[in-house]
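Hello,

Here is the structure I said I would pass on. My notes on the ligand, its pocket and the backbone follow below it.

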Amino acid sequence: MSSLDTIVRLPGLTLKNPVLTASGTFGYGLEFARYGNLADLGGIVVKGLSLKPRQGNPMPRIAETPCGMLNAIGIQNIGVEAFLRDKLPFLPWRETAVIANLYACDAHEFGELAAVLASVEGMTALEVNVSCPNVKEGGVAFGQNPGQIRAVTEEVKRNAGSKPVIVKLSPNVTDIADAARAAVDGGADMLSCINTLMGMAVDIRTRKPRLANVYGGLSGPAIKPVALRCVHQVCRAVSVPVIGVGGIASAEDILDFILVGAHAVQVGTANFMRPDAAFRMASELPALMEKLGIDGLDDFRGSLRA
Ligand SMILES: Cc1cc2nc3c(=O)[nH]c(=O)nc-3n(C[C@H](O)[C@H](O)[C@H](O)COP(=O)(O)O)c2cc1C
């Protein structure tokens with residue numbers, strides 16, 4: 001490891017490097033401990049949590065696509081109580097950021113969930129998913145309505161105590177800058193973007209959709225140019241830190257997002273391509289920075305010559 005400065009200072013938390021894992025692609029973190037040292041990551045964003053356990057959508061709910069995948073998991077999760085009891089105590093939360101990803105059906109429920117998580121020492125920050133395309137209630141329906149984004153953010157913020165609040169934006173909107181401004185008006189400390197893009201796949205032999213839910217969320221390298229554009233637009237629209245997500249699969253990809261203004265990134269579908277992907281990117285980043293003459297991320301961030 002080189003001694004280059006990969007530290008990222010964010011409101012209410014400091015990351016040792018900019019590599020976080022994206023919610024829903026890294027389980028509850030523990031499942032990946034055999035592929036690397038979890039404490040070497042900048043942070044772990046765990047699978048979306050709801051107040052009560054959820055079964056998720058019927059199968060099939062994953063389909064491979066060119067340079068990506070579609071998913072319609074529907075926020076299957078063990079519920080916040082079981083997470084706090086059975087998973088969090090075994091995560092290295094003293095050594096790396098552990099970020100909860102919140103899913104609820106209305107603003108009030110989001111507030112209740114935030115209050116439960118805010119009272120727990122091992123939770124570093126709360127990420128609010130107002131952008132899931134795979135659920136009938138809440139999810140992207142919130143994320144497409146700036147008034148709702150603001151209301152949910154306010155409610156989470158009111159209940160989050162001193163925990164930083166990240167609002168995760170959807171790309172399935174006409175103008176992502178409007179959504180970003182709504183979240184910031186509601187009190188978001190940071191934003192993450194993007195969640196998956198709504199898509200579908202069909203089978204001409206069976207004449208059926210490949211997902212039981214018909215529609216799903218597209219992720220992976222195929223969406224990286226969209227994510228990069230969204231992060232660039234959001235960074236220009238608001239002044240809070242932005243975490244870039246979407247198709248990141250190499251240390252070069254991480255620097256792409258930081259160049260357009262992101263403070264940190266989340267690695268998602270790449271974890272399915274190879275389970276040590278996030279660990280490798282975190283360890284390869286300093287050498288790449290050195291090769292490119294980048295001493296620290298603060299100087300490099302947003303230095304795009306456009
Ligand atoms: C199987 C799967 C499950 C996901 N579950 C969640 C979730 O629970 N909450 C959430 O905010 N995003 C969820 N996402 C979206 C990812 O966190 C990420 O925003 C998206 O996949 C884009 O990044 P990527 O291209 O690196 O995967 C999920 C994505 C996948 C592929």
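**Ligand contacts**

A polar side-chain atom of Thr269 is 2.7 Å from an oxygen atom of the ligand. The protein covers 98% of the 610 Å² of accessible area that the ligand has on its own. Please keep in mind that this is a predicted model, so every distance and angle here is computed from predicted coordinates.

A polar backbone atom of Ser23 lies 2.7 Å from an oxygen atom of the ligand. For Gly247, a backbone N or O atom is 2.7 Å from a ligand oxygen atom.

How many residues surround the ligand? There are 24, and the closest are Ser23, Lys168, Gly220, Gly247 and Thr269. Sorted by class, this shell has 15 polar, 7 nonpolar and 2 charged residues.

**The pocket**

Where does the ligand sit? The ligand is in the largest pocket, which has a volume of about 550 Å³. The lining of this pocket is made up of 35 residues. Those nearest the centre of the pocket are Ser23, Gly24, Thr25, Asn71 and Thr196.

By class, the lining of the largest pocket has 20 polar, 13 nonpolar and 2 charged residues.

**Backbone points to check**

Most peptide bonds are trans, and most residues other than glycine have a negative phi.

- The peptide bond from Met59 to Pro60 is cis, with omega near -5°. Pro60 is in the loop between β4 (43-45) and β5 (62-65).
- Cys193 and Ile194 are joined by a cis peptide bond, with omega about 25°. Ile194 belongs to the loop between β10 (190-193) and β11 (197-200).
- Ile75 has a positive phi, near 55°, and is not a glycine. Ile75 is found in the loop between β6 and α1 (80-87).

Regards

How values were computed:
Residues numbered from 1 in each chain as written. Predicted model: local features only at pLDDT ≥ 70, side-chain atom pairs only at ≥ 80, totals over all residues. Heavy atoms only, no water. Near = heavy atom within 4 Å. Polar contact = N/O pair within 3.5 Å; in protein donor to acceptor, adjacent residues only side chain to side chain. Areas by Shrake-Rupley, 256 points an atom, 1.4 Å probe, with all protein chains shown as cover. 1 Å grid on protein atoms, 1.4 Å probe; cavity = no way out; pocket = protein on both sides within 12 Å on 5 of 7 lines; lining within 4 Å. Sits in = over half its atoms within 2 Å of the grid points. Nonpolar A, V, L, I, M, F, W, Y, C, P; charged D, E, K, R; others polar. Points joined across faces, edges and corners; volume = space filled by probe spheres on them. Helix = DSSP H or I, 4+ residues; strand = E, 2+ residues; numbered from the N terminus.
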